[in-house]
Amino acid sequence: MASDGPTVRQAVFDLLRIFRLTTIFGNPGSTELAMFRDLPDDFRYVLGLQESLVVAMADGFARGNRNAAVVQLHSAIGVGNAMGSIYTAYQNRTPLVVIAGQQARSLLSAEPFQYSDQAAQLPQPYVKWSVEPARAEDVPAAVARAYYLATAPPQGPVLVSVPSDDWDRPADLVVPRPISASFRADGRDVAEIAAALAAADAPGLVVGPVVDQDGAFAEVVELAERLQARVWSAPWPSRCSFPENHALYAGVLPPVRELIRDKLAAHD
């Protein structure tokens, strides 16, 4: 179809550039190659040996870069092979935009080889959101929404399934909008918590990965020292949210409810 506007490919790369997502991790298959025709010079493609590894690489890159990361996966079998690392990213609250391949729309009614049946349901429930847009024109809007949802608290992976013949179709215009990747508690709630801490005889703090993710590491150290409160890490911490060599650090809580209760019994 002739059009004076951008193709889906051009519109998606324009959005990724605005979102500062110019590094793409992937392991391509036949359904994804159309996305990378004439890859812009300012984009970097990081090839991995298999899908689970590229998701893991993107996970670390996103955390270190304090932004989402883009992962490109093959249709059904590729997403399936990556599910272990997608699950890890979901538990770690790592913002990932996963763009999965899909067979051409013109073939889907015949259930072609290596197509993804119910592509949006495949990664559930370990993504915040997943979609296969109803029209090729809607792909850029879906990618934009994926980024907004991935980076909104609580952060996590999202997936957009894109049929291979969508990339050369004309795209609907998408205007990027500013978003906030943080939120703050209501002032009355903070005052109530502050009053409870001030009145406590033996306060204790439990810190999770979001402390580091939200850049509150130094503030938590200051709070613990002011209260002289022992600090525990939540079970299975994916980030370091308190210095483990600090005199107030008490260790990592065990992932068992009864044992957690015993560890925290001395605190009020």
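Pro-125 sits in the loop between helix H4 (105–108) and strand S5 (129–131). Helices (H or I, at least four residues) and strands (E, at least two) are DSSP runs, numbered from the N terminus. This is a predicted model: local features need pLDDT of at least 70, side-chain atom pairs count only at pLDDT 80 or more, and totals for chains, interfaces and linings use all residues. Residues are numbered from 1 along each chain as its sequence is written, and side-chain values use heavy atoms, with hydrogens and water left out.

Back to Pro-125. The bond from Gln-124 to Pro-125 is cis, omega near 5°. The bond from Pro-153 to Pro-154 is also cis, with omega near -15°. Pro-154 is in the loop between helix H5 (139–151) and strand S6 (157–163).

Next, phi. Arg-66 is not a glycine, yet its phi is positive, about 50°. It lies between helix H2 (51–65) and strand S3 (69–73), in the loop.

Now the largest pocket. Its volume is about 890 Å³. Of its 20 lining residues, the closest to the centre are Phe-183, Arg-184, Ala-185, Ala-216 and Val-220. On a 1 Å grid over the protein atoms alone, a pocket is an open set of points where a 1.4 Å probe fits, with protein on both sides within 12 Å along at least five of seven lines; lining residues have an atom within 4 Å of a point. Grid points are joined across faces, edges and corners, and the volume is the space filled by probe spheres set on the points.

Which element gives the largest share of the lining? H6, with four residues.
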